[in-house]
Amino acid sequence: MKKVKVIILGSTGTIGRNTLSIIRHHRKMFKVLALSAYRNARLLKQQIEEFRPEYAVLGNRKAGEKFPPAPKKVRILEGEKGINKIASLASDITVVGISGLAALKPLVNSLLHAKRVLLANKEVIVACGHLLRSKFTSLFNKIFPLDSELFSLGVILRNIKREELECVYITASGGPLWGKKQQEMDKVSLQDTLRHPNWKMGKKISVDSATLMNKGFEIIETQNIFGLSLDKIKVLVHRQSFMHALVKMKSGIILGTMFQPDMRIPIGYGLGVFSFQEPFFRIKNFPSQLNFVSPDHKRFPSLPLCLWAAKKGKSLPLVLVSADEAAVELYLQKKIKLTAIYSLVRETLKLHRPREVRLWEDVYRIDEWAKKTVLELAERRFS
Ligand SMILES: NC(=O)c1ccc[n+]([C@@H]2O[C@H](COP(=O)([O-])OP(=O)(O)OC[C@H]3O[C@@H](n4cnc5c(N)ncnc54)[C@H](OP(=O)(O)O)[C@@H]3O)[C@@H](O)[C@H]2O)c1
């Protein structure tokens, strides 16, 4: 059997590690062609020893300074250039598990050179979905979204006619701070913010889940990946995280996708592993109740803010993503409070004069401006 050649961009992150955990159990099926990390040289070294890729990259040059000699036949590369080099190798499947806008160029290269792209990163699709679609219309169908909500919508939408669809619902767990009063939000520790009740995820997406910014991003991601208008995309809070998305048909029928909250299920499907032998495919506890409530926009203002930016369009979704990235970083460094993320992003959006994003240079220029603006605003307000 010919092995499926896989590249994992962001192999040391949650998505990357979950992908490798599936490959570990299906060694005969896969050949790991290349891996990339950013700073985590120690884990990358372990992964190199275990999976013996042809290429491995440490994106952050400084982290690479003490990188020990790799086994023979493994080529070690460095920096952004190295990541783009491996993203440009011909693969059967490339997994894009890099967080933030740093995934833009690697995603573009993956679309050009991979047969299928398992895309976990949502920031790039939110920020530059229109630009990507206009430049790579025919390549867009290579994208297999891994985000549980989008994966779940994909499972249903592949099997129904568009004209039958009334609207879609993506679910939100409500995050670790659900139930907290507004005045309590800033009293929770960073640890509590990062402790998601149902998912184990990287720090950035965990903070975005606590502010519900993540759900706002997923509305725009759904719009850009499936080409749905915003009025057809709704959010329901569903604490159990067992139902991930629902599709309401004009006939009145509602179809839903349920599975236990484990990213290995979407990743497994994307890799082509659909075996009921896998322990994570088996349902451990079927919830005795499935509850759905509408999100409270007053308590979680990030959601209407994202909808506003999506409706206005142009460069606003890009500013939204860049400003959030900078503000979350400040929060992770304990320089600002949790609720300041929203106010910094909102303020930055207000200061921005929306314009069309036509070129990659526009993306980098606006990204730089938004991040700089957040830092300046934070400096003035909170130092
Ligand atoms: N985790 C989930 O369950 C989940 C679900 C849905 C969507 N997503 C999306 O998937 C993406 C990854 O999430 P995650 O939770 O796996 O994040 P994570 O655990 O923080 O992992 C991020 C990965 O990207 C690498 N990386 C970080 N900054 C980089 C840069 N500037 N250039 C190149 N590589 C960089 C990291 O390397 P180091 O480890 O060496 O720093 C790591 O391998 C995010 O966009 C997130 O929104 C995640």
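Residues are numbered from 1 along each chain as its sequence is written. Because the model is predicted, local features need pLDDT of at least 70 and side-chain atom pairs count only at pLDDT 80 or more, while totals for chains, interfaces and linings use all residues.

Around the ligand stand 29 residues, with Gly 10, Gly 13, Tyr 38, Ala 120 and Gly 202 the closest (near means a C-beta atom, placed from the backbone, within 6 Å). Domain 1 (4–121) and domain 2 (151–378) both contribute to this shell, so the ligand lies between them; the domain bounds come from an automatic or database assignment. At least two shell residues come from each of α1 (14–24) and α9 (203–211), where helices are DSSP runs of H or I with at least four residues and strands are runs of E with at least two, numbered from the N terminus.

Helix α7 (residues 148–157) is largely enclosed by the rest of the structure, because seven of its ten residues are buried (20 or more other C-beta atoms within 10 Å of a residue's own, placed from the backbone). The buried set is Ser 148, Glu 149, Leu 150, Phe 151, Ser 152, Leu 153 and Gly 154. Among the elements covering these residues are β7 (143–145), β8 (165–172) and α10 (213–226).

Helix α10 also meets α9: their axes, lines fitted to C-alpha atoms over the stretch in contact, come within 5 Å and cross at roughly 95°. The two helices are therefore roughly perpendicular (65 to 115 degrees, with angles running from 0 to 180 degrees between N-to-C directions). Ile 205, Asp 208, Ser 209 and Thr 211 in α9 contact Met 213, Asn 214 and Phe 217 in α10 (C-beta atoms, placed from the backbone, within 7 Å).

Key: A residue is buried if 20 or more other C-beta atoms lie within 10 Å of its own, exposed if 12 or fewer, and partly exposed in between; C-beta atoms are placed from the backbone. Two residues are in contact if their C-beta atoms, placed from the backbone, lie within 7 Å. Angles under 35 degrees count as roughly parallel, over 145 as roughly antiparallel, 65 to 115 as roughly perpendicular and the rest as oblique.
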